[in-house]
Structure formats: C-alpha cells, structure tokens
Amino acid sequence: MKSNIDDIKEIWKSGQNSFEDSNTPVSEIILQAGQKKKKALKVQITNLVILILVLFGLGLFFKNVAPFNQLLSKVGVALMLGSLSIRIVLELYSIFLSRKIDISETALKTNTNAFTYHKLRKFIHGFVTISILVIYSVGFFMLTPEFSLYFNSKIMILIDLSFLVAALIVGLSIRSAIRKEMASLNEILRFNKELLGK
Amino acid sequence: MVMQLCLGYMKGEHELAKDLSQEVFISVWNALDRFKAQSSYKTWVYRIAVNTCLKYIRDKKNKLTISNVEISEETRDEELSPTKQFDTLYQSIGKLNEVDRLIIMMVLDESDYALISEVMGISEGNLRVKIHRIKKTLKEIMENEK
C-alpha cells in the first residue's frame, strides 16, 4: 500500500469516480428532508403538549372535581401547578435554543453552541426537574390532610403509595435523561479538544 | 465529495456512509434558506457535512457498530485492486480521531487551507501544525499496513 501523501491523494481522486451512479434521487432526499423536519418538530411538540395537558387536567380537576377549602391545600395546589408551569416554560426555551444551533456555522462554533444547549438540557433534566419534582411532591402531600377528610386511611395509603411509585418512575427517567446529556457533553468536549489540539 | 467524506469517516463501511451522506443532503436541504452567500457553496456544504458527521457519531455512539476491520494479507499486497486500495485507505483514515479524519479528507480533496480553516473554525496556523501531524500519523498507519 502506498503511503506517500501524493500517492494517497491519487488513490483518493480515483475513488471519486466510483460514486457517480450511486446517488439517491433528489425527489427522495427532499421527501426525507421534509419528513425529518416534521419528526423532529413532533418529538418536541409532543413533550410540550403532554405537559400542557397535565397542567390543564390538574387545573380543571382542582377547580371542578376537588375544590379545596383549607389554606394548606390551596398552597399545595399552587405549588403543583406552579412547578409544572415552570417546567413548560423551560421546555419552550429549550426548543428555542435547539433551533438556534446552525449547522452551517464552523465546526468549532456549532460544537460550542451544541455544548451550551446540552449543558442547559442537563441543568433542566437535573437540578430543575428534580427541584420541580420535590416542589410538586411537597404540594401533593400538602393536599393529604384535606383529602383524608373525605377518604378512609386505606385509600389514603394507596394514594400516597401510588404517588411514590410514580415519583420513582419519573426519578429513573430523569437519571437516564441526565446520562444521555452527559454522554453528549463529553463527546462535544472531546471534539473541541481535538479541534483545538488540547 | 460528500459520499467520499462519509465513507472515510465511517471507516469504509458503505451502508453507514450511505446513511450518513443522505443525512448530510437532508441537512443541506433543510438549511438552504439560511445560506447567506457569505462563503462559497463548497465551504457551506463542507461545514454542514462536517457538523452532520460529528453530530451523527455523537447521537448514535451507542448504537453504531463499526467494525475495526483488520487489513487482510490480500490487501497488504503491492498489487491491490482499485476497490481494495480505496477500502484500505478508508480503513486507515478511520484509525485517526474524528476531527483529524475530516481534516485529512478535505486535504485529500485538495481544498486549500483557508477553506478548511473556514470550515473547522480554527486558525490557519493551528491548522497547518495539525495537518502536518495528521499526515505523519496517516503515513505511519499506512506503512504499518505494508
């Protein structure tokens, strides 16, 4: 095998001719481009829609089905709905930031922007979501004294246990999301080090 | 240009390279309305190709299984068929790190240093040093395959 750089260039050049007939039709690329754009948008919108539906569902439930009278319960409802609202706003900001990453910028700039984005995602998935989960849980448990006026203790235990199971599932999904963001951050850092020769 | 870049980046794995090159074309199409004519089309397409390649590895790191194909006795022969020569070259390039792979492929494509520096976002001085080192490493890799 030739190892001189000019010889390597020759092999490289002769390799270019072998791709002439293997191109995908332009119409198919355009079709796939449209589908990809829609898919990316769908994933982001779906998360947002789920959060908004939960917020409205809870709001309607507390307004029409279980209107609370005690101050403690009212504070609890405010904590639950407020924490969910903050999560929705942050999700929107995250979508806005992801759209700002321009892949036609230089590799270094795109990598740096991607780093900022994933760092924010890590913060949202980590500290912010955990804090929101804690505030939400505190809010939920603040409802239990008034709840217990209408339900017997067995049902109350069931309600509390099911909440704890749900919180555990959310906790596990937070952990997996943080790991994913950490992996992306490490890769971006590695690419930046390679780029800058550090 | 794009397909060959992807092939080198994916260590000569044709199916993965085809998938990646399609990803690049899709990204180019979706970014068309952002082209500001501040750089040439070639630089612009290269930037998208390089960024898509880096993102592809980042996103699919755990799912990708690129075989680290050892170069066989047959491919060590001096009289290699052109196809074998390309494959050996792509596999040798694949032994470099991701960023070095992309830079050396632009060099092999005879892109000038100003263009490569504009694509990667590093100074020409830094690039020169880098290219010198990459050429040396690639030469060593290919000599070891002899």
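This passage goes through the two chains one by one and then looks at how they meet.

The model is predicted, so local features are limited to pLDDT of at least 70 and side-chain atom pairs to pLDDT 80 or more, while totals for chains, interfaces and linings use all residues. Residues are numbered from 1 along each chain as its sequence is written, with chains lettered from A and ligands numbered from 1 in the order in which they are written.

Chain A is built from five helices and zero strands (helices being DSSP runs of H or I with at least four residues, strands runs of E with at least two, both numbered from the N terminus). Its elements simply read α-α-α-α-α from the N terminus on. With a radius of gyration of 25 Å, well over the 16 Å that the globule rule gives for 198 residues, chain A is more spread out than a compact globule (the radius is taken over C-alpha atoms, and the rule is 2.2 Å times the number of residues to the power 0.38). The C-alpha trace of chain A spans about 85 × 45 × 30 Å along its principal axes. Of the 198 residues in chain A, 18% are buried, where buried means 20 or more other C-beta atoms within 10 Å of the residue's own, exposed means 12 or fewer, and partly exposed lies in between, with C-beta atoms placed from the backbone. Among contacts in chain A with a separation of 6 or more, 75% are between residues 24 or more positions apart; a contact here means that C-beta atoms, placed from the backbone, lie within 7 Å.

A:Lys122 gives a closer look at chain A. This lysine sits in helix α4 of chain A and counts as partly exposed, with 19 other C-beta atoms within 10 Å. Leaving aside residues up to four places away in sequence, A:Lys122 touches A:Ile178, A:Glu181, A:Met182 and A:Leu185. The C-alpha atoms of A:Lys122 and A:Ile178 are 5.7 Å apart, although 56 residues separate the two along the chain.

Chain B has eight helices and zero strands. Buried residues account for 45% of its 146 residues, and 60% of its contacts between residues at least 6 apart in sequence join residues at least 24 apart. Within chain B, helix α3 (residues 41–60) packs against helix α7 (residues 113–120) at an angle of about 45°, their axes 9 Å apart (axes are lines fitted to C-alpha atoms, for helices over the stretch in contact, and angles run from 0 to 180 degrees between N-to-C directions). That makes α3(B) oblique to α7(B), since angles under 35 degrees count as roughly parallel, over 145 as roughly antiparallel, 65 to 115 as roughly perpendicular and the rest as oblique. On the α3(B) side, B:Lys42, B:Thr43, B:Tyr46, B:Arg47 and B:Val50 meet B:Leu115, B:Glu118 and B:Val119 of α7(B). These residues split into four nonpolar, one polar and three charged (Ala, Val, Leu, Ile, Met, Phe, Trp, Tyr, Cys and Pro are nonpolar; Asp, Glu, Lys and Arg are charged; the others, Gly among them, are polar).

Between the chains, 37 residues of chain A and 43 residues of chain B take part in the contact. On the chain A side, two or more residues each come from α1 (5–16), α2 (26–65), α4 (107–150) and α5 (153–196). That side comprises 17 nonpolar, 12 polar and eight charged residues.

Definitions and conventions:
Contact = placed C-beta atoms within 7 Å.
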